[in-house]
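Have a look at the chain first, and then we'll go through it bit by bit.

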Amino acid sequence: MKRAFPSNDQVEISSDDSSSSDTDNDVLENQLQNDEPAIELSPEDWLFRKARSYQEYMKMIPIPSERSTTIPYTSWTGLGSSIKQIYGQPLHYLTNIHLKRLDQQRLGGEDEDASLDTIIHPCNAESSIWLIEEVHRRTSSPHHLYELWKADPMYHAFIDAIFPKLGS
């Protein structure tokens, strides 16, 4: 960290006192250090740190390599909830947003009332969620998350409170 000194102030070093010692320099150094303000993070900095930590954590969670069973579902968010329960894993914030948007896109469609598992086979739907999840976990930018979270004060509603045990 660079320390800025006011440009108008000049520091005069004189040797009037022959008893001047290293302790004087230590006092001056301590005064400069004490004048330095404590580092305080702004709310934006805290949010960015949170986004970076979140993304690093999500990268550590492995995508399941084996699927357990065919999961019946009526909506994308419903399938996402079932996946979370069956596999004991959170879905990425961006995946949860994606599933919500997929459900919203069905509104007003001719098959809006039809159960989604009669339109898209459950295995294909689950595979597509895991594919999207892998993309979000491995490639999402903390800066992008920060920008989304900054714009949405309710972002935490789409962050799952599931904490799987990670490998040793």
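Is glutamate 133 buried or exposed? Glutamate 133 is buried, with a relative accessible area of 0%. Buried here means under 20% relative accessible area, exposed means over 50%, and partly exposed is in between (1.4 Å probe, protein chains only).

## Before you dig in

This is a predicted model, so local features need pLDDT of at least 70, side-chain atom pairs count only at pLDDT 80 or more, and totals for chains, interfaces and linings use all residues. Residues are numbered from 1 along each chain as its sequence is written, and side-chain values use heavy atoms, with hydrogens and water left out.

## Overall layout

The chain has six helices and zero strands, running α-α-α-α-α-α from the N terminus on. Helices (H or I, at least four residues) and strands (E, at least two) are DSSP runs, numbered from the N terminus. Of the chain's 168 residues, 27% count as buried.

## Salt bridges

Searching the whole structure turns up four salt bridges, each being a side-chain nitrogen of Lys or Arg within 4 Å of a carboxyl oxygen of Asp or Glu. Back to glutamate 133: its partner is arginine 137, with the closest N and O atoms 2.6 Å apart. The two sit four residues apart in helix H5, so about one helical turn separates them. Arginine 137 is buried as well, at 2% relative accessibility.

Lysine 150 and glutamate 147 make another bridge, with the closest N and O atoms 3.6 Å apart. They are three residues apart in helix H6, again about one helical turn. Lysine 150 is partly exposed at 45% relative accessibility, and glutamate 147 is partly exposed at 33%. Aspartate 160 and lysine 84 also pair up, with their closest N and O atoms 2.9 Å apart. That pair links distant parts of the chain, 76 residues apart: aspartate 160 is in the segment after H6 and lysine 84 is in helix H3. Both of these residues are buried.

## Aromatic contacts

There are eight aromatic pairs in the structure. Rings of Phe, Tyr and Trp (its six-membered ring) pair if their centres lie within 6.5 Å; planes under 30 degrees apart count as stacked, over 60 as edge-to-face and the rest as tilted. One of the pairs is phenylalanine 48 with tyrosine 146, which is edge-to-face at 6.0 Å centre to centre and 80° between the planes. Phenylalanine 48 is partly exposed, with a relative accessible area of 29%, whereas tyrosine 146 is buried at 10%.

Tyrosine 87 and tryptophan 130 are edge-to-face too, at 5.3 Å centre to centre and 90° between the planes. Tyrosine 87 lies in helix H3 (residues 76-87) and tryptophan 130 in helix H5, so this pair ties together parts that are 43 residues apart in sequence. Tyrosine 87 is buried at 16% relative accessible area, and tryptophan 130 is buried at 1%. Tyr54, Tyr93, Trp149, Tyr155 and Phe158 form one aromatic cluster.
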